[in-house]
Every structure is written in structure tokens, then in C-alpha cells.
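Q: Please take a close look at the end of this chain. I would like its surroundings described step by step, with the cut-offs spelled out.

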Amino acid sequence: MEKRLPRSAMIFSLGFVFMLVCAVGAFFYGVKLGTSKTETKYEMKELQAAAVQKSSPYQQQDLVSFYHTVFLSYREFQSEWDDAMDDFAKGQGGSASSTLKNLAELARSKRTAASNFDMQKSPLLGDAQTNYIRSLEQFEQAAKAAAASSKSGDAAKLQNSIKQLGSYQSAVKQALAAQQAYYTAMMKWGATVEPNIPANYTMPKVIEINKWSSLPLIVKNKLMADQMASRQQFTAYYPQDLTSRIDDFIASGQPAKLNLKTVSAIADLLIDTEAVRSGDFTENRSKLYNKDLLPQLPFFS
């Protein structure tokens, strides 16, 4: 004869099975809910990051566009100007008047080229564009003024006389202000990519070597653009060339030997002794800055 479970035991068994099913269902629901929340949180972070990048007026493409449409035009003019001034200083200017007239025409054409693009959606790049255009205009005026007076003087003295012109001094000031704005825009772009890069950083009157060494490269470059502007250093080399020479000098241990304790003192020494050259950064990049963030601009390659 078949034994039957008591009614109470059957109810208990059914209740246990029901609770087990509910527990398993709750477990899987919790897993699904947790996964969904994690994915949602991750997606929100991604969306927020994308929104910050999209809303930032300083995106890498803007920096690249500025380089090719404005900055490169200016540097092409500056290269021709520097070559002519070097020739004058050596007394090898040939027909100085003709050379200066050509430089005036080149400044005008490069100014037109730099004006053909609207960079005003990025305030600092807009400022840099305006200052470069104004600088080229002042260089044009300086070249015309020097051409008119070059017939009465020799080429060896011409370079110094040009440096005394108000238009030349204004041109240099505008160019260095433009450079400052461009490198500040790079730093602001960097702040949207890496959290350890500040969007704003002003170099204090005194910055010790240890503090300098802890700064991101993109901040150092901005500070050297500031330093070049304050010293009115209108040079063929870039702020990153000065940065790399300072860092290489620090790495060599020379500051301790010379009792130099601040970055400004090192910069003064390197600038005054003409120890900085165009291309220093490229030469030192793999050694000093293998992992540092920089926008993908040709002069950083």
C-alpha cells in the first residue's frame, strides 16, 4: 500500500520549493539590475566626457586647423624675415631696399592668408589669429620704413636700426602675445583630456626646480611661452625647445653645480648664452617626454 505524505509536509515542501524559486529569481534579477546600473553609470560617464569634449572650444582639430591656416603662414614669413636680418647683420644683404620691399609684400600676402579663416569660436585661438595678423601688418610697415631709409645706410647697421622702429617693436609684441594665446589654448585642450592637467596655470614669480619638474609638459610649454613674451624673445626656436633645454639642463645636474635654484635663473642663463636652438625639443623628446600628452601638431613630431 502506497504511503502518502501528510498534508502539512506537502504544504511545507511546496512552500520550500516556492521560496527557492523566488530566491533564485531574485538573485538573477539582482545581477541583471546591478549590471544594468553599472552599464548605465559607465555610459553616463562616457556621455559626460563626450559632452565636455564637445562643448570645449579647444579641441585638437581646432589646434591643428589653426596651425595649418594661421600659424604656419606666420612662421613662413618669420623664417624669411630672420634670414634677411642675418644677412644684413653680416653685411651680405645685397640690395637691402629690394629685400625689404619683398618682405613687406610677403607680410601683406601672409596676412591675407591668415585672415581667410574664422577661428573666433575658440576665444584664445581667435586672439592668437588677431595678434598674428596685427603683427604681420606691423612687420609690413617696418619693412616699408626700413626700405625707404636703407639707401642712405650700410646693411651691417640696418638690422639694429630696424629694431629701433616702433612698428618692429609692436610686431614682436603682437607675435609673442599670439604665441602665448596658442600655447594656452593647448593647455586648455589638455585639461579636457587628462585630469592632472590644469585648465589655468600662471607661473609664480619664483618656481623651484622640484615644482617645475612635477608639471605636465603641456603646462611647461605654456609657461615658457609666457617667459618668452615677458623677455620679448622673438626667436626661431619654439617654447618647447626652451622647455626641453631646461629639462635637459636639470637632468644633467648642472643647476646644483652652478647654484641655480629656480627655473627663471636657468632660463636666463640658457637664453643669455644662446644655448637654445630650434629642434632641441625634437632631439630630446624620446629621452625626456616619451609618455607626455601633446596635441598632434607637426612641430611636436
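A: Of the chain's 301 residues, 42% are buried. Buried means under 20% relative accessible area, exposed means over 50%, and partly exposed lies in between (1.4 Å probe, protein chains only). This is a predicted model, in which local features need pLDDT of at least 70 and side-chain atom pairs count only at pLDDT 80 or more, while totals for chains, interfaces and linings use all residues. Residues are numbered from 1 along each chain as its sequence is written, and side-chain values use heavy atoms, with hydrogens and water left out.

The chain holds twelve helices and zero strands. Helices (H or I, at least four residues) and strands (E, at least two) are DSSP runs, numbered from the N terminus. The accessible surface is about 17,000 Å², and carbon and sulfur atoms account for 54% of that. These areas come from the Shrake-Rupley method with a 1.4 Å probe; for residues, only the protein chains shown count as cover. A contact means heavy atoms within 4.5 Å. Take the contacts between residues at least 6 apart in sequence: 72% of them join residues at least 24 apart.

Now helix H12, residues 280-288. Asp-280, Phe-281 and Asn-284 are buried there. They span an arc of only 80 degrees around the axis, which places them on the same side of H12. The arc is taken from the directions that run from the helix axis to the C-beta atoms. Glu-283 and Ser-286, on the other side of H12, are exposed. What do the buried residues of H12 pack against? Their partners are helix H8 (217-230) and helix H9 (239-251).

Setting aside neighbours within four places in sequence, Asp-280 touches Asp-241, Ser-244, Arg-245 and Ala-275.

H8 and H9 also meet each other. Their axes are 8 Å apart and cross at about 110 degrees. Axes are lines fitted to C-alpha atoms, for helices over the stretch in contact, and angles run from 0 to 180 degrees between N-to-C directions. H8 and H9 are therefore roughly perpendicular. The classes are: under 35 degrees, roughly parallel; over 145, roughly antiparallel; 65 to 115, roughly perpendicular; the rest, oblique. On the H8 side, the residues involved are Leu-217, Lys-220, Asn-221, Met-224, Ala-225 and Met-228. They meet Pro-239, Gln-240, Leu-242, Thr-243, Ile-246 and Asp-247 of H9.

Helix H11 (residues 263-272) uses H8 and H9 too. Its buried residues are Val-263, Ser-264, Ile-266, Ala-267, Leu-270 and Ile-271. Viewed down the axis of H11, they fall within an arc of 160 degrees, so they line one face of the helix. Their cover includes H8 and H9, along with helix H7 (209-213) and helix H10 (254-258). Glu-274 follows H11 and has a positive phi, near 55 degrees.

Next, the segment after H12. Rings of Phe, Tyr and Trp (its six-membered ring) pair if their centres lie within 6.5 Å; planes under 30 degrees apart are stacked, over 60 edge-to-face, and the rest tilted. That rule gives 21 aromatic pairs. In one of them, Phe-71 and Phe-299 have ring centres 5.5 Å apart and planes at 80 degrees, so the pair is edge-to-face. Phe-71 belongs to helix H2 (residues 60-89) and Phe-299 to the segment after H12, so the pair ties together parts 228 residues apart in sequence. Phe-71 is buried, at 1% relative accessible area. Phe-299 is buried as well, at 8%.

Another pair involves H2. The rings of Tyr-74 and Tyr-132 have centres 4.5 Å apart and planes at 40 degrees, which makes the pair tilted. Tyr-74 sits in H2 and Tyr-132 in helix H4 (residues 123-149), so this pair joins parts 58 residues apart in sequence. Both Tyr-74 and Tyr-132 are buried.

Val-64 and Pro-295 are 231 residues apart in sequence, yet 8.1 Å apart in space, C-alpha to C-alpha. Beyond its neighbours within four places in sequence, Val-64 contacts Gln-296 and Leu-297.
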